[in-house]
Amino acid sequence: MDRLLTMFSYSYMVRAFVAGIIVSILVSCLGNVMVHKRLSMIGDSLAHTSLAGVAIGLIAGINPIVGAVVACLVGALFIEGIRKKIGMHSEMAVAVVLSFGVGLAGVLSGFISNGADFSSFLFGSIIATTKTDLILISVIAVIVLALYIFLFKKIFLISFDENSARILGVKVDLINIVITILTALTVSVASRIVGTLIISSLMVVPVAAATVIARSYKMQVITSILFSVGSTVLGLVLSFLYGLKPGGTICLITVAIFVICTFIKMFRKK
């Protein structure tokens with residue numbers, strides 16, 4: 001207990017908890033949309049694209065998160081544009097942008113003088129969150145949550161059936177662009193927290209766990225947020241107590257929650 005109380009005496013741990021909780025909420029909200037739109041891997045695609053932005057930021061001497069945000073926005077708009085052109089095979093748009101992002105990041109990484117800074121984005125560096133990072137994350141969180149809550153009903157309709165949404169007068173194309181941009185903003189800041197290689201896990205697994213036990217869409221969103229935030233908090237505590245990597249620990253906890261929820265559903269049926 002003393003060690004737990006000591007943990008909050010460090011300013012970097014306080015920033016880590018605040019940033020982690022904010023990102024967990026954002027990722028869960030957008031993850032619910034992407035799962036139902038069958039674009040679960042968009043988080044992975046944009047996370048890898050953000051690496052190219054991180055590389056550009058480090059080369060140019062600017063905040064890497066700013067570079068990641070710009071790269072994710074460009075990648076997200078490309079995904080939406082390709083998705084509209086391809087139609088029924090829209091998931092291929094994710095693969096195309098993923099390939100481009102990985103390739104560009106790989107080439108640009110060779111021009112970075114300090115490889116450690118770049119590598120920190122692969123598995124996350126939540127305890128290295130600075131005050132500037134926290135301010136940027138908070139501003140993006142306000143924008144994303146405000147738009148998500150304001151457009152919640154329309155996003156719900158589009159997530160399940162775009163054709164029915166059009167019939168009901170929803171501006172599907174505009175809302176899709178807004179969702180894509182919000183996802184890009186969320187992924188760009190989340191990649192700093194949990195890392196590029198496991199961002200898709202944090203975006204999808206808590207949602208999958210909530211889907212198993214939730215009985216309505218609204219309850220699914222709330223449950224996935226609780227799972228995501230709980231995984232982040234527990235992951236940070238365990239990483240502090242036992243010297244574990246925060247990003248990987250958080251990811252494993254989300255998987256454990258999914259397994260537990262699956263067993264709960266099995267016992268319910270029996």
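A residue counts as buried when its relative accessible area is under 20%. In this predicted model, Ser231 has a relative accessible area of 0%, so Ser231 is buried. Ser231 belongs to helix α12, which covers residues 217–242.

Leaving aside residues up to four places away in sequence, Ser231 touches Ile250, Ile253, Thr254 and Ile257.

Val255 sits in helix α13, residues 246–269. With a relative accessible area of 37%, Val255 is partly exposed, because the partly exposed class lies between the 20% limit for buried and the 50% limit for exposed.

Val255 contributes to a nonpolar surface patch of about 540 Å².

## Crossing of helices α3 and α10

Helix α3 (residues 42–60) and helix α10 (residues 172–194) cross at roughly 65°, and their axes come within 9 Å. The crossing of α3 past α10 is right-handed. On the α3 side, the contact is made by Ile42, Gly43, Leu46, Ala47 and Ser50. On the α10 side, Thr183, Ala184, Val187 and Ser191 take part.

Asp173 is partly exposed, at a relative accessible area of 36%. Arg166 is also partly exposed, with a value of 40%.

Note on methods: Residues numbered from 1 in each chain as written. Predicted model: local features only at pLDDT ≥ 70, side-chain atom pairs only at ≥ 80, totals over all residues. Heavy atoms only, no water. Patch = residues over 30% accessible without salt bridge, like charges linked within 9 Å, V, L, I, M, F, W, Y side chains within 5 Å. Areas by Shrake-Rupley, 256 points an atom, 1.4 Å probe, with all protein chains shown as cover. Salt bridge = Lys/Arg side-chain N within 4 Å of Asp/Glu carboxyl O. Helix = DSSP H or I, 4+ residues; strand = E, 2+ residues; numbered from the N terminus. Buried < 20%, exposed > 50% of the residue type's maximum accessible area, 1.4 Å probe, protein only. Axes fitted to C-alpha atoms, helices over the stretch in contact; angles between N-to-C directions. Left-handed = near helix turned anticlockwise from the far one by under 90°. Contact = heavy atoms within 4.5 Å.
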